[in-house]
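These are my notebook entries on a structure I looked through today. I began with the backbone and then turned to the core.

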Amino acid sequence: MKKISRRHFLYCGAGLLCSAVQANTFWPFCVEAGAAAGPADIRGRVFKGDAPQKLWKWSHEGFFYTKLDNKRVRCGICPNRCLLSPGDRSVCRSRVNMDGTLYSLTYGNPCSMNVDPIEKKPLYHFKPRSKAFSIATTGCNFRCLNCQNWEISQTKPHQVRHYELFPADVVKTAQNTGCESIAYTYSEATTFFEYMIDTARLARDNGISNLWISNGYINLKPLLKLCGVLDAANINLKSFSDAIYRKLNGGRLQPVLNTFKTLHEQGVHFEMTTLIVPGYVDDAEMVKQMCGWILTNLGPDYPLHFLRFFPRYKLDRLPSTPVSTLVRFRKLAMAEGIHYVYVGNASYPEGNNTYCHNCKKLLIERIGYFIPTYNLDGNQCKYCRTVIPGRWT
Amino acid sequence: MKRKNERAITRVVIATGISSVVTQLLIIREFLAQFQGNEFVIALILFNWLILGGIGTLLARWVTRRLWKATVNRLGWLSFVLAGLPAAQILIIRQFRDVFFIHGSSVGFYPTLAFTFFTIAPYCLVLGFVLPYSLFVIRTENPDYPGTRIYIIDNLGDVSGGALFSFALVFLVTPLQAVFLANLPLVLSTCLLFRVSSRHHPAVYLGTGMTVAILAVGIVLEPASLNPWEGKLVFYGESRYGRIQVQQDRDQFTLFVSGNPLYSNQNLSIAEETIHYPLAQLHQANNILLISAEGGMMVELEKHKPASVDYVELDPQVAEVQFRFGLIKKIPGLKVIHQDGRAYLAGSDKIYDAIIVNLSEPDTFQLNRFFTDRFFALARRHLSGHGVLSFTMKGYDNYLDEPQRRKLSSLYNTVTDYFDNVLLLPGQKIFFLCSSQPLRTDIPALLAKKGIHTRYIRGYYYGNLTHERIERLTALIDPTAPKNRDYSPQLIRLMFMQWFAKFSASPTIFIAVLGILCLIYLMRIRAEEFVLFSTGFTVMGSEILVIFAFQIFFGYIYLQIGMIVTVFLAGLLPGAWFGDRLRYRSKQTLAVADGLLIVLMGLLIIVLKQGGDYLPVAFFLVFGFAISLICGFQFPVALYLRGGDAPAVTRTFSADLIGAACGTLITNVVLIPYCGIIWAAAGLIGLKLCSLIVMVVLHEKN
């Protein structure tokens, strides 16, 4: 074997160290922002042996699950596909395996209900100026660090105050409060799937629309069943990076994209919401990619909302999103070809208004939840008669 | 030669004391900038510091006996390590924060405990180790050297370090510059130590050079270590109250105080809500008091055309930076007052039409003073007949969780004693509007009537603040919830609960483990050590109580609180000197000192009961000095009774440190929040009574 000289050795060593710098070898002094630093995945885990001793009166057998050996069950509602032994509680905290049967613990006991303007969901292309009766139970299949409803999404059903409101009562209350729709919202509606489906069926029979406000983390079968009773949805597209999904939200990107495709195929009106988290989601290149995917797979007509981030819950040491970033992303998305892009949680009036994608004239002026100007004739632009996507009446 | 060595070691011990106290204060500030700055975290950091110091001290004897004989050379190298570690430690804390935790996220109790423990462990263990080790080195040449002397010398360094930081460094330099300056004496005294002991080995020069290089590199790397990931840092300053940074991200400026994004120039909704909710209730708002302000508020205030606006901001740098970066603007009639808001009100005769308190939720004793019965009474006295007091708590979107409900209930019950009408408005913040006049909820209509134009309130108020939401929130108030008082800060306790709930954690495991370890420790120590343990506990506990009480009566006055901290250290010196010189040192002496501590704590209770408003500041200084004097006195007496040999030295030193650690933690997070200030003081008396009983029983047995 050929020997190397000391000088040669030093040169080689120096070269090796230089190459190592490129590969972030000198951890942690080369920590990068965003997805690269800190724990990579915050996905939730099954709560072993955490089920209640006895079922309570609101318990309802799950619609989608598989019975396995040794009385184990696999929940089929969302891509978490929780494998539960008897006595276990699911990741979303709402489902338990009781002696080989999967139960939802949230049926008929919402912990929050309000009458909201539909613009608050946000749904800008669905029955404007109408009111939505909004309900939520506890539970979520994600672990978003910036959750604005963490008090109910990250807790168990028995840990909150709740109302007794079975599907028929929900529909009745919606009617009594003059709401044209029921929104399954706030926490994650997918986790109270059985309650949502039963209520939605009754609502549809009574001429009330059903709105699904969700993270879109749901399996195909339950989604198809839901599409049968759904009128509109607002789905969060939290980012266009699987790494950020895992790090900030405790979920995965692909199932959410699949949900968008299914809703599109099933002809359900939906709008997309992206929260621009500084340092993570405020990446123009990523937004461009996201728009590209939307255009290719869904077309240009589904409204996209860019929301301003404010420090919340555990993600409270970041600044809020500069309004100019949202404005820039709106312009970028429109330049890419998406017809309707809005800016939310921010004082930027233009970003709240609807302009005809053909003649560019103002169709709907929104000041907060108020609509002082409305230039739609049915579903058409009053000026150029272009059909504006959405469900307007 | 022997004397020369002793003198050189003495210089090293003093320099170590200076370095250690400056480092401790800097590390606490660093952790507060990186983690949650609540009382629990502050107590946790101090607890870790003291407990690790105690472990280091205990290790000294074991290591010296079995592994490492005490030599001047080794002491010198340890001192170099000690001088270089703080700079590395601060940089590591900054870097590792985002390695172990997700950038931008807050951290729960157990991860904070683990992170603070492991990052400060190297420094604290070495620090705790060095003090008894120095004594052992001296004793290799002078076996009769008294252990108390090292204790006194160390205290001299501590007092100097505390004063140096609190009254000079904090005003003048950045943290790593402070580390550099505070450790130079240690590097120099260590060089002299090697020189005196005739060691001129090149390694010594190399060690000196390396230590100085580490300290200097710290200064060089400091700006880079503070750079944010989002936007750019356009201002950085260290005020006496904490770290102030301004980040610019495109056209947005965000003011960070101790790592928290506090205010920005683009927070229109908060500015509108904070100003217009209370002022909409008034026909004309002439005189307004604003306790702390944030982006856009002055613009909104100006719309009401007030005759005068008194803006009180404790930290002059915060106000200066807000003006400089356009977060708030100067408006006609504006007067900026740099004082504690409550102290200002107490000393002012001015009557206001509105008092707007724009402070975050009370997670420290200092902030809690703006949410108590006495503050509300004070505010009421300074309001005109139709005047409005407004303050906020953290809001919620769709569900009010239990700790928050209890917090709101406690506040509601407290404030309704002073105001006939209290209106709660839910939203991103929950607004408390308090007045003797009826209050209205149709705020957009009131503003429209006054001709005041808003953007956020006009568009969003009626969708976000429906009558149902307002009524539902009011209905959730529990009329039986205990009131938040100065002496019994209920909110702090509830804040702890909420903090734990947010991270789905419980302190039970920690308390259980700590309790078991404490029990094992207490069962293994001797009576004299228990006296020192309880004294360390009492001194730290009473220091926290005195600072807490001082703030209630006089407000947060930086220099005077710095003086209180200093006298609590300064009394140790003459106390230890006196105890060392006392001829008659017996268990009875210890018992008498215990008795005096009990009397002093009793005196504190009487003073608090009678109301400390009428006391001069000097009372608190004299009290602190007296408490630490007795503590200092007990140390040499206990050490003498224990025999003064190596094991006795390490055990007595560590008993004092471990007691102080427990005192800090338990007083801060258990006694004051759960029992109130009076019962906390009574608890300390109880502990001292136990110590007294132990001494008396043992004395009788002997």
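**Backbone and core**

I found Pro122(A) in the loop between strand 7 (112–117) and strand 8 (131–136) of chain A; strands (E, at least two residues) and helices (H or I, at least four) are DSSP runs, numbered from the N terminus. The peptide bond from Lys121(A) to Pro122(A) is cis, with omega near -5°.

I noted that this is a predicted model, in which local features need pLDDT of at least 70 and side-chain atom pairs count only at pLDDT 80 or more, while totals for chains, interfaces and linings use all residues. Residues are numbered from 1 along each chain as its sequence is written, and chains are lettered from A and ligands numbered from 1 in the order in which they are written.

I looked up Arg129(A), which lies in the loop between strand 7 and strand 8 of chain A. Its phi is near 70°, a positive value in a residue other than glycine. Arg129(A) is partly exposed, with 13 other C-beta atoms within 10 Å (buried means 20 or more, exposed 12 or fewer, partly exposed in between, with C-beta atoms placed from the backbone).

I then checked Asp99(A), in the loop between strand 5 (95–98) and strand 6 (101–104) of chain A. Asp99(A) is not a glycine, yet has a positive phi of about 55°.

Of its 325 residues, Ile182(A) and Leu211(A) touch the most other members. Helix 25 (residues 646–701) of chain B gives the most to this core, with 23 residues.

Conventions: Core = buried A, V, L, I, M, F, W, Y, C linked by C-beta atoms within 7 Å.
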